[in-house]
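Please work through the exercises below with the sequence and the model at hand. Each task is followed by a solution in steps.

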Amino acid sequence: MCRSIKTLRPPTTPEVTDEDIRAAALQYVRKVSGFRAPAAHNREVFDQAVDTVAAATQELLNGLQIRGSAARRHAQP
């Protein structure tokens with residue numbers, strides 16, 4: 001669906017910033033709403049949706065358990 005959203009979970013992306021998460025959320029909301037930039041009367045709900053999707057994305061990334069990631073971290077010098 002949103003082909004330009006990159007994978008944000010380790011080890012694919014070892015360092016994920018708040019900007020990365022926000023950009024993915026913005027891309028998702030743009031795709032779902034069909035608006036690249038909403039009209040003034042839709043700006044508040046659009047921005048709230050981006051915030052909500054970004055928060056959900058952060059929660060998802062925080063909760064994921066990646067197999068072998070702890071072993072790889074300990075094996076690196």
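The model is predicted, so local features need pLDDT of at least 70, side-chain atom pairs count only at pLDDT 80 or more, and totals for chains, interfaces and linings use all residues. Residues are numbered from 1 along each chain as its sequence is written, and side-chain values use heavy atoms, with hydrogens and water left out.

**Exercise 1.** Determine how the axes of helices α1 and α2 are oriented.

Step 1. Helix α1 spans residues 18–33 and helix α2 residues 43–63; helices are DSSP runs (H or I, at least four residues), numbered from the N terminus.

Step 2. The two axes come within 8 Å and cross at roughly 125 degrees.

Step 3. Angles under 35 degrees count as roughly parallel, over 145 as roughly antiparallel, 65 to 115 as roughly perpendicular and the rest as oblique. Therefore α1 and α2 are oblique to each other.

**Exercise 2.** List the residues of the largest nonpolar core and identify the elements that give two or more residues to this core.

Step 1. A nonpolar core joins buried residues (under 20% relative accessible area) of the types Ala, Val, Leu, Ile, Met, Phe, Trp, Tyr and Cys through side-chain atoms within 4.5 Å.

Step 2. Its nine residues are Leu8, Ile21, Ala24, Ala25, Val29, Phe46, Val50, Ala54 and Leu61.

Step 3. The elements giving two or more residues to this core are α1 and α2.

**Exercise 3.** Classify the accessibility of Arg43.

Step 1. Arg43 lies in helix α2.

Step 2. Its relative accessibility is 36%, so Arg43 counts as partly exposed (between 20% and 50%, with a 1.4 Å probe and protein chains only).

Note on methods. Axes are lines fitted to C-alpha atoms, for helices over the stretch in contact, and angles run from 0 to 180 degrees between N-to-C directions.
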